[in-house]
Amino acid sequence: MELKDVKIFIPEIPKEWTQRMRSGNTNIWNDRFCENGLPEIRLEPPIRGLYAERFEDGWFWVCGCSKCLKNNEKYPYIVCEEHDRCITCGTHRKDLTEIPWGHPDGFQCKPCADREHKERKEEALRKAKEKSHSEDDCWRQSEIICPVCASECSSDDMYESGEHEMTCYVCDTEFIVEVEYDVNYTSKLKET
Ligand SMILES: [Zn+2]
Ligand SMILES: [Zn+2]
Ligand SMILES: [Zn+2]
């Protein structure tokens with residue numbers, strides 16, 4: 001039987017109980033914050049990738065692995081043993097030697113992330129050279145443009161005008177961004 005078809009009855013939990021929280025793989029009924037007077041019970045699923053779900057006839061362990069269920073869930077909350085793998089090369093998490101990178105579809109191992117970073121960097125540098133990109137192309141733009149590789153960088157943490165240091169996420173060049181804000185004022189009469 002495939003994990004997605006698993007439905008295992010949980011005898012410990014009365015079907016009337018409705019307050020179930022999840023903390024990683026652990027399922028917690030009547031967490032102390034519920035304050036419903038019922039005893040707190042914590043259970044681990046019998047197989048990794050399952051979680052507890054309430055049905056009309058009680059609580060059951062069912063599959064919560066987005067890969068098994070093929071539901072395309074982003075930043076999946078739980079994953080089964082079989083699917084706990086690098087999204088690019090398929091290396092299992094237990095075989096990793098370095099901390100992987102999180103990804104909307106799971107995780108990517110460091111060697112894959114490094115390789116993709118290198119490819120993206122080389123591609124950007126090649127294109128920038130092709131169109132003779134220079135600092136002159138970065139003057140008073142509506143986006144932050146890397147002076148070396150011409151990538152658009154995020155301005156998310158720049159709230160103040162003045163000079164900011166940043167590192168290009170594509171080519172790793174450190175550069176300076178000068179932020180100018182245009183202020184506009186609009187005056188109108190109060191509504192009465
Ligand atoms: Zn799975
Ligand atoms: Zn990988
Ligand atoms: Zn760059």
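How far apart do the C-alpha centres of domain 1 and domain 3 lie? I looked this up to begin with, and the answer is 47 Å.

**Ground rules.** I am working with a predicted model, where local features need pLDDT of at least 70, side-chain atom pairs count only at pLDDT 80 or more, and totals for chains, interfaces and linings use all residues. Residues are numbered from 1 along each chain as its sequence is written, while chains are lettered from A and ligands numbered from 1 in the order in which they are written.

**Domains.** I noted the division of the protein chain into domain 1 (3–76), domain 2 (85–130) and domain 3 (133–179). These bounds come from an automatic or database domain assignment.

**One sheet.** I then turned to the strands (DSSP runs of E, at least two residues, numbered from the N terminus). E2, E3 and E4 make an open sheet in that order, with antiparallel pairing; two strands pair if DSSP finds at least two bridges between them. At the edges I found E2 (20–23) and E4 (41–43), each pairing on one side only. Neighbouring strands here are turned by 25° against each other on average, direction ignored. For such angles, axes are lines fitted to C-alpha atoms, for helices over the stretch in contact, and the angles run from 0 to 180 degrees between N-to-C directions.

I followed E2 into E3 (residues 26–29): they pair over four antiparallel bridges. Arginine 20 has tryptophan 29 in E3 as its bridge partner. The two strands form a hairpin with two residues between them, and glycine 24 in the turn has a positive phi of about 65°.

**Another sheet.** E1, E6 and E5 also form an open antiparallel sheet, in that order. Its edge strands are E1 (7–9) and E5 (50–55). Neighbouring strands in this sheet are turned by 35° on average, direction ignored. E5 pairs with E6 (residues 58–63) over six antiparallel bridges, and I saw that alanine 52 has tryptophan 61 as its bridge partner in E6.

**A helix check.** Helices are DSSP runs of H or I, at least four residues. What span should the 21 residues of helix H2 have at 1.5 Å a residue? H2 (residues 110–130) should span 30 Å, and its end C-alpha atoms are 30 Å apart, so the two agree. The expected span is 1.5 Å times one less than the number of residues. Just after H2, I noted serine 132 with a positive phi of about 50°.
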